[in-house]
Amino acid sequence: MFQSDKPDNKTSSILGPELEISGDVKVSGSLLIYGKVNGNIESNGAVRTARGSSVTGNISAREAAVGGKVDGDLDIEEKVTLGSTSYLIGNLKAAILTIEEGAKFEGACNMVKKTAAKSN
């Protein structure tokens, strides 16, 4: 159902639309959310929120694609995509940002790419 074409991707986890979690979530692979999460999310892979989903808490991951509502900060190592049905209330930090027409975003954006420090 939810697969990535990247070879280093670990088994994905899916939170269905009937599921509501109160507490922090930590996953070593990727996570697809259809339901509600009231807590912070930490992932070594990608976090994707589907249309109609809700996250109240901060998200820290390698990549993120937001399709639902997120009320919290995003701290993403690589790319963030705010889909046309997304609503982000919080600050966003990522190396790459894509915002589709119709997306809603309230907060500050800091686009940084982690690079090795150069010595002079």
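Begin with the open sheet whose 6 strands follow the order E3-E6-E9-E12-E15-E18, with parallel pairing. Its edge strands are E3 (25-27) and E18 (109-111), each of which pairs on one side only. From one strand to the next, the twist averages 5°. The model on display is a predicted one.

Stop 1: Select residues 25-27 together with strand E6, residues 41-43; E3 and E6 are paired in the parallel sense over 3 bridges. Then display Val27, whose bridge partner in E6 is Ser43.

**Stop 2: the other sheet.** Next, select the strands E1-E4-E7-E10-E13-E16, given here in their order within an open sheet of 6 strands, where the pairing is again parallel. Strand E1 (13-15) and E16 lie at the edges with a single partner strand each, so one side of each has no neighbour in the sheet. Direction ignored, neighbouring strands of this sheet are turned by 10° against each other on average.

Stop 3: Select residues 46-49, which make up strand E7, and residues 63-66, which make up strand E10; the two run parallel and are joined by 4 bridges. Within this pair, Thr49 of the selection stands opposite Val66 in E10.

E10 and E13 pair in the parallel sense over 3 bridges. Two partners can be picked out here: Ala65 is bridged to Thr81 in E13, and Val66 has Leu82 as its bridge partner in E13.

Which residue in E16 is the bridge partner of Leu82? The partner is Ile99.

**Stop 4: Thr56.** Select residues 54-56, strand E8, and centre the view on Thr56. Thr56 has a relative accessible area of 39% and is therefore partly exposed. Setting aside neighbours within four places in sequence, the contacts of Thr56 are Val37, Asn38, Gly39 and Asp71. For a distance to display, take the C-alpha atoms of Thr56 and Lys69: these residues are 13 residues apart along the chain, and the two atoms are separated by 8.3 Å.

**Stop 5: confidence.** Finally, colour the chain by pLDDT. The mean for the protein chain is 88, and 84% of its residues reach 70 or more. Where does pLDDT stay under 50? Select residues 1-8: pLDDT stays under 50 over this segment, and the model has 10 contacts for it beyond four places in sequence.

Key:
Residues numbered from 1 in each chain as written. Predicted model: local features only at pLDDT ≥ 70, side-chain atom pairs only at ≥ 80, totals over all residues. Heavy atoms only, no water. Pairing = 2+ DSSP bridges. Axes fitted to C-alpha atoms, helices over the stretch in contact; angles between N-to-C directions. pLDDT = per-residue confidence, 0-100. Contact = heavy atoms within 4.5 Å. Buried < 20%, exposed > 50% of the residue type's maximum accessible area, 1.4 Å probe, protein only.
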